[in-house]
Amino acid sequence: MSKNPGKPFLAHEKIGLDAASIKQSLLERLTYSVGKDTITATDRDWFFTAAFVARDRLIDRWMETMRSYYINDVKRVYYFSMEFLMGRTLMNSLLNLGFEQEYRKVLGEIGVDLETVREMEYDAALGNGGLGRLAACFLDSMATLNLPGYGYGIRYEYGMFSQRIEDGRQVEHPDNWLRYGNPWEFPRPEVLYQVKFHGRVVQYADEHGVERHHWVDSDDVMAMAYDSPIPGYATNTVNNMRLWSAKATRDFELRYFNEGNYIKAVEAKNESENLSKVLYPNDTTTMGRELRLKQQYFFVCASLQDVLNRHAKHHDNFDSLPDKVAIQLNDTHPSIAIAELMRVLVDMHHLEWEKAWDITTRTFAYTNHTLMPEALETWPVAMFEDILPRHLQIIYEINYRFLKDVMHRYPGDGDMLRRMSIIDETGARRIRMAYLAIVGSHKVNGVAQIHTDLMKQTIFADFDRFYPGKIVNMTNGITPRRWLNQANPRLSGLITSRIGAGWIKDLSQLKRLIPLADDASFRKEFAAVKSANKARLVALLKQKCNIDANPDSLFDLQIKRIHEYKRQLLNLLHVVTQYNRIRHNPAADCVPRTVLFGGKAAPGYAIAKLIIKLINDVADVVNNDPHVANRLKVVFLPNYDVSTAENIIPAADLSEQISTAGTEASGTGNMKLALNGALTIGTLDGANIEIRDEVGEDNIFIFGLTAEEVTRMKASGYQPWDYYHANEELREALDMIGSGFFSPGEPDRFKPIVDALLLHGDDYLLLADYASYIACQKEVETAYKDQEQWVKKAILNVANMGKFSSDRTIMQYAEQIWEAKPVMPTA
């Protein structure tokens, strides 16, 4: 029996969760695993000790979970994703296991501060933005809901990059998150799979006269597995995330070594292992694009071999594969898996094409994350033919058979064939990976209702007509364990003191807070929590950015990947407008505001990197203008990641979700911020619409064109100059940016930004939405002045966020797409 009553346990559990057992384990692990004693141990030593002790308490559950799946031959869900933005693991594990308080107390008795120890953990650099964080939330929810779920991806050695701001500019440095090792992972050198590239395809007839294909003369790389346990909350289920690291087939060429050519001796090894070095290599070069394609195939090939090997332990054929395996493709990156499974079934196991295709399409499902045609991944046919020659042949065959069906449905409609072809024939031929994913999956889902509706009406309208019912909606969600229980312990504690802890597993229980919005004492406590969180953020800004922020100001946050469609520039235009109003009328009554930006720009995305420079140059002027004083501060927080988000989201008053309507698929930052009591200012885009429907129109600030209006305006010939000439404040702000007001040493520095708006069409309609946005920000100020009503609105935002739990999203996937059932580990 567990020595910790009320906590999950296994009947044979050997390691206690009580204070005495934890203390003994900590001291033993420090000595025997870290090789230190309490006198010589550093903070990092204590982190590794604490991590090992927590991991020990996961392992029995992990083994039991895996055994129960195997013994019961359950249907498993495999989540294929190029990104898993996991963040730190220590606190998540302690909270999910239910012994964080005991841990904190025991460490304190030894003289160790848990807060100091947790800061020693590096964020796992396995993702970039929302795509990877969504995958991490989904793994948490699958484990919490006792679903047999596995994550498959790449163990990036250096992640994307570590962002530093030098002279106001983003500078990319290697994110060496594995510098000190990763205590949560288990290397599996025995789990090793061959992955092929290049070579040629030999066509031959077998003994029955059937045409076969053999992929030969390839360049081979080995994929080695690393496993990490994924614990659910208040359950014995611990699922698995398996990541692949590239290993050379040979460490070095002895001939070159003996000749003294040491660089040549390890050249092949280094080239092979580059595959898992960096997340998303710079794809502005041919070499970078080739590496990215190789990364996608590398992890998909290894993962499918692993999935099929596991299936073969119970089954001697593939007939039951769709009944036992559900593979979810997180965006188009893993969609080559469809051609790979066909290659395995047809070339290696000699299944007939029709049978193999039936198995394949019933196994895969595809999640789309973008509405922008230019963001839908495509690959040049020539590159594909060089790197994956057999897969190109298979895609051709898939396309031929698919277009034959289209032709039968729409005879004589050549334009329909051209639009729906997996091969884009306009210009240099390219493979449309999203089309392959749609054709090869039994379900395709969008990630917010408007996103799904627009998928059906725009980019995938032909496919929706051809496959009625295939495209469905699964509105994204976030895990409340990470984004409220862990990130905001003050608010979490307040909520639990009033409605109990059931909301942590059932977020709909937050509805019970609605009556408390009218309770003056609760509003006072809620406001005190927000104030304490803001004071903590003020200290962080001083430490990281040397900025003295006003703790009583409105904290206005836009934290997300830097991209033109997310419109950080629109936010900045409001900052400049507000600055001008203060300059022109220093006595004006305005709400003090701290505007905080955070996010990375892709290394090759020049205009996004220039926007970061502009933010920092504007900040330098505004923050040092004595006329402004504490009424306006602008901050760019460098190297935004999961842990940074956990530190700053609880302090937010206002959440900027201002993408051009019809461009953001869903967004999950909007959910995290609203769950922590921030009010949203946003367009009717992505999940903002559903957030508005849940929290009520009076508790959100909506502005700007709708998606339909955006389409009509672009079709009718949008003229940004008209808005420039018609609005004096807009004109003043743009002229200041374009003339060098914020860059006197280089007056033309930001001319490309202004030119993009005025001369090159303003693709994301910033100027069209400017006046509405400025007016809406004025509404925000007015509302913020009435603090009693503002706090009430914030409470109602928290109370109505139950729909946006990733638990709800995963239950929908399980019921409507995967047909997977919960499995309780055997106690």
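Predicted model: local features only at pLDDT ≥ 70, side-chain atom pairs only at ≥ 80, totals over all residues.
**The H1–H4 pair**

Begin by selecting residues 19-32, helix H1, together with residues 100-110, helix H4. Their axes come within 9 Å and cross at roughly 55°. The crossing of H1 past H4 is right-handed. To see the contact itself, display the side chains of Ala19, Ile22, Lys23, Leu26 and Leu27 on H1, and those of Glu102, Tyr103, Val106, Leu107, Glu109 and Ile110 on H4. Eight of these contact residues are nonpolar and three are charged, while no polar residue takes part.

**Helix H23**

Next, select residues 568-584, which form helix H23. From first to last C-alpha, its 17 residues reach 24 Å, close to the 24 Å expected at 1.5 Å a residue. H23 is mostly covered, with 14 of the 17 residues buried.

**Two positive phi angles**

Most residues other than glycine have a negative phi. Now centre the view on Asp73, in the loop between helix H2 (43-72) and strand E1 (76-80). Asp73 is not a glycine, yet has a positive phi of about 45°. Its relative accessibility is 15%, so Asp73 counts as buried, the limit being under 20%.

Finally, move to Glu819, in the segment after helix H34 (806-818). Here too the residue is not a glycine, and phi is positive at about 55°. Is Glu819 buried or exposed? At 59% relative accessibility Glu819 counts as exposed, because the cut-off is over 50%.

How values were computed: Residues numbered from 1 in each chain as written. Heavy atoms only, no water. Axes fitted to C-alpha atoms, helices over the stretch in contact; angles between N-to-C directions. Helix = DSSP H or I, 4+ residues; strand = E, 2+ residues; numbered from the N terminus. Left-handed = near helix turned anticlockwise from the far one by under 90°. Contact = heavy atoms within 4.5 Å. Nonpolar A, V, L, I, M, F, W, Y, C, P; charged D, E, K, R; others polar. Expected span 1.5 Å × (residues − 1). Buried < 20%, exposed > 50% of the residue type's maximum accessible area, 1.4 Å probe, protein only.
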